[in-house]
Amino acid sequence: MAEYKSAETPIKASAEAVYRKLSNLEGLKELLDKVPQEQVPEDQRDLFNQVKITPDTISFPAGPVGDLTLRLTETVEPTFIKLEGVGTPVPIALMLNIHPSTEVSCSVQVVVDLQIPAMLKPMVSGPLNKMVGQFAEMLRKLPF
């Protein structure tokens, strides 16, 4: 498995509040709906608007492989959320590590584990590192 990690991203909300919102995928949909369009980069708005959420899954366009669906598979309150790929071409897991800082702030690190052939790793490492960083930055902008 190849592991891609974002930087620790500060969030102006308690770890408990972040965990409650992100571990409830329907709550995540409410958060995404509240993000002002001007805060979403223009080149990502179409992708952002194509995100589909159910109580235990989230799906979004993933380029040539079609939609990528992740299912909520593990949680540890209030510090850990894990989603795993459903029907993905290769095993994939997205994890959110939530680190309490104070009673009203925390930091989040996004981690993606992906099982890819060694010869493909150089081609996907750059885009995946960018994606986990953008995902962490998006979380920072959500109103918790």
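Author: Two strands pair if DSSP finds at least two bridges between them. Strands here are DSSP runs of E with at least two residues, helices are runs of H or I with at least four, and both are numbered from the N terminus.

Reader: Before I look, what kind of model is this?

Author: It is a predicted model, in which local features need pLDDT of at least 70, side-chain atom pairs count only at pLDDT 80 or more, and totals for chains, interfaces and linings use all residues. Residues are numbered from 1 along each chain as its sequence is written, and side-chain values use heavy atoms, with hydrogens and water left out.

Reader: Thanks! In what sense do strand 5 and strand 6 pair, and over how many bridges?

Author: Strand 6 covers residues 80–86, and strand 5 joins it in the antiparallel sense over seven bridges. The two form a hairpin, with three residues between them.

Reader: Which residue is the bridge partner of Lys 82 in strand 7?

Author: That partner is Met 95. Strand 6 and strand 7 are also antiparallel, pairing over five bridges. Their hairpin has five residues between the strands, and Gly 87 in that turn has a positive phi of about 65°.

Reader: How should I read that phi, and what about peptide bonds?

Author: Most residues other than glycine have a negative phi, and most peptide bonds are trans. For a peptide bond to look at here, go from Glu 77 to Pro 78: this one is cis, with omega near -5°. Pro 78 sits in the loop between strand 5 and strand 6.

Reader: Is Leu 72 buried, partly exposed or exposed?

Author: Buried means under 20% relative accessible area, exposed means over 50%, and partly exposed lies in between, using a 1.4 Å probe and protein chains only. Leu 72 has 22% relative accessibility, so it counts as partly exposed.

Reader: Which residues does Leu 72 touch, not counting those up to four places away in sequence?

Author: A contact means heavy atoms within 4.5 Å. Leu 72 touches Ser 23, Leu 25, Asp 56, Ile 81, Lys 82 and Leu 83 on that count. As a distance to check on screen, the C-alpha atoms of Leu 72 and Gly 85 are 9.2 Å apart in space, while the two residues are 13 apart in sequence.

Reader: Where is the place of Ser 23?

Author: Ser 23 belongs to helix 1, residues 15–23. Its relative accessibility is 16%, so Ser 23 counts as buried. Beyond residues up to four places away in sequence, Ser 23 touches Leu 72, Thr 75 and Ile 81.

Reader: Which backbone oxygen does the side chain of Ser 23 reach?

Author: A polar contact is a pair of N or O atoms within 3.5 Å; within protein, one must be able to donate a hydrogen and the other to accept it, and residues adjacent in sequence count only if both atoms are side-chain atoms. The side chain of Ser 23 reaches the backbone oxygen of Tyr 19, at 2.7 Å.

Reader: Could you show me another side chain of this kind?

Author: A polar atom of the Gln 109 side chain lies 3.1 Å from the backbone oxygen of Ser 6. With 15% relative accessibility, Gln 109 counts as buried. Leaving aside neighbours within four places in sequence, Gln 109 is in contact with Lys 5, Ser 6, Ala 7, Glu 8, Met 95, Leu 96 and Asn 97.
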